[in-house]
2 protein chains.
Amino acid sequence: MQQRSEETRSRILETATQLFSQRGYDVTGVAEICAAAGVSKGAFYHHFPSKQAVFMTLLEAWLSELDAGFELIRRQSPDVSTAVVQMARMVGEVFQAADVRLSIFLEFWMQAHRDVEIWQTAIAPYRRYHALFAELIRQGIAEGSLRPVEPEAAARLIVSQAIGLLMQALFDPQGANWVVEVEQSMRLLMDGLSRSKEGSA
Amino acid sequence: MQQRSEETRSRILETATQLFSQRGYDVTGVAEICAAAGVSKGAFYHHFPSKQAVFMTLLEAWLSELDAGFELIRRQSPDVSTAVVQMARMVGEVFQAADVRLSIFLEFWMQAHRDVEIWQTAIAPYRRYHALFAELIRQGIAEGSLRPVEPEAAARLIVSQAIGLLMQALFDPQGANWVVEVEQSMRLLMDGLSRSKEGSA
C-alpha cells in the first residue's frame, strides 16, 4: 500500500508538471490534474491540500537538487570564482534539460505578483540565494581571490545575472546557446570581481 | 475634429494602460477598454486594428523615450562606463515612476511565450538593445577605457543584468531601493570591465 501511495503521489506531480507547462498554472485545475493522472480527488487531497501545494512541492524538489549541486561544487572548487562559474554551468544544464520547469516557475511568479500569500513563498528562495552568494563573496575576499567589493552588491550582481539569463533562455530559446552563454557571462562577471583580471592592462 | 480624434486615441491608450495593469493583458478585451474609456468600438477600430496594436503602441512610445534618453546620455558622457551607469540610473528612475508599465511588459512577455507572432514582436527591442550595447563596448575598447573583452559577451552581461534587476524590482518592489541597486550593480559591473579597476590590487 505504501508503495502504491508513493506511485500515486509521483503520478500527480508528473502530470501537474506537464499540465502547468502546456496550459499554464492559472487555468489548470485540480479536477484536470486528477483526470489526466487517473487518480480520484480523494487520492489527490490525501497527498496535497491544494494545487499550490503541488507547485510548491515541485519547486522545492528542484531547489533541493540545485542546493545539493552547489554544495558539492563549493567543496570541490579551488576558489570562489571557479565555484560560481561551475554553479552557473550546472544551472544552465539543468535548464536546458528541463525547460518545462522554467515555464512553470515564471507562471507561478506571475501569480505571485497578484497574490500576497503566494508572493511570500515565491520570494523566499530568491532571497536565500542572495544571502548564499553574499557569503561566497565574503569567503572569496577572505581567501584573497576577489577584490574587496561590497558582498551584498556583488551577490545582487550574480543573482540578477542569473535571473536575466533565465528570462532570456525562456523567451528566446533559439536566440543563443544558453548553456554556453550562462557560463561565459558568469566567467566575465567573476573576472571583473577578481583581484587578478585576465586581459587587464 | 483632428484634435478630438487625438484626444480619443490618448484616452484609449491611457485606459488600456490602467486595465492591462490592474486586470492583466490577457483578460482585458476591446469591449472593456471602450466602455472604460467611454468611446465606441467604431472609434477604437478607427485608431487601432486590435488590442495587440494598442499594446505595441504603448511599448513603442516607451522604448522611444528610452532611446532618446540613451542618445543624450551617450553624447554627454566622457566615456562608455560612465554612459552605461547613467543609462542604468535613467532606466531605474523610469521604472520607479511608472511601474504600471513593468507589469504590462511582463504580461505581454507571458503572451509572447505562447504565441509565435507576438513573440517576434516582443523579442525585437531586446535584440536591438543587445546590439546597441555591443557597439558601446566596442567604442569603450577603442577609446581605451574598457578591457579587450568580447563585445557580444559584455553586451549580454549588461542586458542580462538589466533584465534581472527589472524582474526583481517587479516581483520584490519592497526588497530594496531598486533605483539605487540598478546604478550600484551597473557601476560594479562596468568597473569589472574597465582597464583601471577601483579597489583592485
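The model is predicted: local features need pLDDT of at least 70, side-chain atom pairs count only at pLDDT 80 or more, and totals for chains, interfaces and linings use all residues. Residues are numbered from 1 along each chain as its sequence is written, while chains are lettered from A and ligands numbered from 1 in the order in which they are written.

Next, show what surrounds A:Val159. Leaving out residues up to four places away in sequence, A:Val159 touches A:Tyr129, A:His130 and A:Phe133; contact here means C-beta atoms, placed from the backbone, within 7 Å. A C-alpha to C-alpha distance from A:Val159 to A:Ala131 gives 9.9 Å, across 28 residues of chain.

Now widen the selection to helix α8 of chain A, where A:Val159 sits. Helices are DSSP runs (H or I, at least four residues), numbered from the N terminus. α8(A) has 21 residues and reaches 30 Å from its first C-alpha to its last, close to the 30 Å expected at 1.5 Å a residue; the expected span is 1.5 Å times one less than the number of residues. Because 16 of its 21 residues are buried, α8(A) is largely enclosed by the rest of the structure.

Display both chains for the largest nonpolar core, which has 62 residues. Such a core is a set of buried Ala, Val, Leu, Ile, Met, Phe, Trp, Tyr and Cys residues joined through C-beta atoms within 7 Å. A:Val84, A:Ile158, B:Val84 and B:Ile158 touch the most other members. Two or more residues come from each of α5 (80-97), α7 (116-143), α8 (151-171) and α9 (178-193) of chain A, and from α5 (80-97), α7 (116-143), α8 (151-171) and α9 (178-193) of chain B. Pick B:Ile158: not counting residues up to four places away in sequence, B:Ile158 touches B:Val84, B:Phe133 and B:Leu189.

Go back to chain A and select residues 2-23 (α1) and 30-37 (α2): their axes come within 9 Å and cross at roughly 115°. The axes are lines fitted to C-alpha atoms over the stretch in contact, with angles running from 0 to 180 degrees between N-to-C directions. A:Arg11, A:Ile12, A:Thr15, A:Ala16 and A:Leu19 of α1(A) meet A:Glu32, A:Ile33, A:Ala36 and A:Ala37 of α2(A).

Finish with the whole of chain A: nine helices and zero strands, with 34% of its 201 residues buried.

Methods:
Two residues are in contact if their C-beta atoms, placed from the backbone, lie within 7 Å. A residue is buried if 20 or more other C-beta atoms lie within 10 Å of its own, exposed if 12 or fewer, and partly exposed in between; C-beta atoms are placed from the backbone.
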